[in-house]
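Colleague: Could you take one part of this chain and go through it closely for me, with attention to charged side chains and their surroundings?

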Amino acid sequence: MQMIKKKITNLQRDQSFRWYRDFFKRIFDVSFSLAALIILIIPIMIIAIFIKIDSPKESILFRQVRVGKNNVPFTMFKFRSMTKDAPHQMATENFENPEEYITSIGKIIRKTSLDELPQLINVLKGDMSVIGPRPLIPAEKRVLALRDQTGASRILPGITGLAQVHGRDEVTDVNKAAYDGKYALNISMLLNLSIFIKTIFDVICSRGIHEGKKD
């Protein structure tokens with residue numbers, strides 16, 4: 001009975017209006033993404049040029065349908081890091097042989113997470129937040145169902161999130177959904193700051209990145 005009451009209390013807390021989660025977080029998202037796009041315009045252009053030189057006949061951006069807030073699909077942008085014949089409706093971590101599809105420039109931008117930069121456009125559009133659960137492809141039904149149970153599907157997905165700084169590709173589906181639910185319930189400026197700082201260190205150290213199926 002006590003556990004049920006706790007769940008009801010947490011659910012009520014999550015549904016009530018909170019200034020940071022429901023107002024200031026969006027202001028930060030817009031301000032940060034706009035400033036980042038302006039500051040990083042030259043590196044972004046350089047990456048785009050190298051992608052085009054590496055694969056002249058293919059597009060610079062990779063567009064993929066992802067599941068957003070309240071399970072509403074949206075088109076997510078990334079720098080293209082794979083060939084056009086790669087399986088696009090499958091999570092990369094499930095590839096049998098990802099090295100066959102990843103381009104030479106793709107290896108660099110994926111390792112440094114620079115392929116995620118175009119998602120700043122998604123943040124400006126309101127499809128995503130800077131920090132939140134990573135947007136999944138529709139085929140990842142198990143994690144999506146688990147997110148529905150934890151409440152993580154009720155918030156905007158993010159460029160980075162709590163699950164990403166706790167192992168990223170190495171986290172199990174159950175733990176991933178648990179971290180996402182924990183974040184959705186406890187969104188705060190301090191939590192976002194800690195995730196942001198840890199993300200920077202993880203990117204520098206290339207932590208949690210795993211291409212293809214685990215052995």
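Predicted model: local features only at pLDDT ≥ 70, side-chain atom pairs only at ≥ 80, totals over all residues.

Modeller: Leaving aside residues up to four places away in sequence, Lys78 touches Ile60, Leu61, Phe62, Asp115, Glu116, Pro118 and Gln119. Lys78 itself lies in strand 2, which spans residues 73-79, and because its relative accessibility is 12%, under the 20% limit, Lys78 counts as buried. Among the residues it touches, Asp115 forms a salt bridge with Lys78, with the closest N and O atoms 3.4 Å apart. This pair links distant parts of the chain, since Asp115 sits in the loop between helix 4 (104-111) and helix 5 (119-125), while Lys78 is in strand 2, 37 residues apart. Asp115, like Lys78, is buried.

The neighbouring charged pair is that of Glu116 and Arg134, whose side chains meet in a salt bridge at 3.3 Å, N to O. Here too distant parts of the chain are linked, with Glu116 in the loop between helix 4 and helix 5, and Arg134 in the loop between strand 3 (129-131) and helix 6 (141-150), 18 residues apart. Glu116 has a relative accessibility of 11% and therefore counts as buried, and Arg134, also at 11%, counts as buried.

A further salt bridge joins Lys125 to Asp127, the closest N and O atoms being 3.6 Å apart; Lys125 counts as exposed at 52% relative accessibility, whereas Asp127 is buried at 18%. Salt bridges with shared partners, for their part, join Lys78, Asp115, Glu116 and Arg134 into one network.

Notes: Residues numbered from 1 in each chain as written. Heavy atoms only, no water. Helix = DSSP H or I, 4+ residues; strand = E, 2+ residues; numbered from the N terminus. Buried < 20%, exposed > 50% of the residue type's maximum accessible area, 1.4 Å probe, protein only. Contact = heavy atoms within 4.5 Å. Salt bridge = Lys/Arg side-chain N within 4 Å of Asp/Glu carboxyl O.
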